[in-house]
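Here are some questions about the terms used for this structure. Each answer sets a value against its definition.

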Amino acid sequence: EEVQETLYDSWTDIVLQECIDSDSGCPGLTEGRHEINVNVVNGHLAGGRLKVFDDDTYVAAAFGSKGITLQGLANDSLPESLRVFLEHIDQKLLQWSPRLYRLDFMHTDAGCQVVEINSRPGVMHREKEGDHYWEFNGRIVEMLTQEIHHPTSLQ
C-alpha cells in the first residue's frame, strides 16, 4: 500500500503512475470504471474503443484480459463534453502534420484525465472494434492520399 524507495533494488526501468479513479463513469457513454481510447487523424475523430472493467479489475493493459469488456466507439457516439476535451488536446498538437495519434484517457469526477498519447496507434480490426473500424483505417487512407498529392515539407 505504500511505495517506498526500498521496494526495488533499482528503479531504472520502473514507471510509477498515479491511480486514476474512473469509478464514476462517463456521462452519456458508460457507468463505472473505464478507459476511453480515441483515434485522431489530422484533427478528425477516427473512431476508438471503450474498455469497461469489472469491479475487481484495475489493470487496463491487455486485450482479452479477464474482467475487461471491449467495444468499438463510433465518432457519433462520443458525448459533446468528450469532443470538447479532444479538440482542446488536438489544438496543442497542431504543429505536427500529418498528425496521427490515439489518446487514452479516463473520465473522473475532476473531468478527463490523460493516461497516455500513442503516436503509433494500431490498426483497428472489425473483430475487436466492430463495424466502426473503418472510421480510423479510412482516415489513414485519406491522410496518406493527401500526403501523396500535397506533401508537407520536412522541417
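Buried means under 20% relative accessible area, exposed means over 50%, and partly exposed lies in between, with a 1.4 Å probe and protein chains only. This is a predicted model: local features need pLDDT of at least 70, side-chain atom pairs count only at pLDDT 80 or more, and totals for chains, interfaces and linings use all residues. Residues are numbered from 1 along each chain as its sequence is written, and side-chain values use heavy atoms, with hydrogens and water left out.

Q: Why is isoleucine 14 called partly exposed?
A: Its relative accessibility is 32%. Partly exposed is the range between the buried and exposed cut-offs, so isoleucine 14 counts as partly exposed.

Q: Why is arginine 99 called buried?
A: Arginine 99 has 10% relative accessibility, and therefore counts as buried.

Q: Why is asparagine 42 called partly exposed?
A: The relative accessible area of asparagine 42 is 27%, so this residue is partly exposed. Its phi is near 50°, a positive value in a residue other than glycine.

Q: What is the peptide bond from serine 97 to proline 98, and what is its omega?
A: This bond is cis, with omega near -5°.
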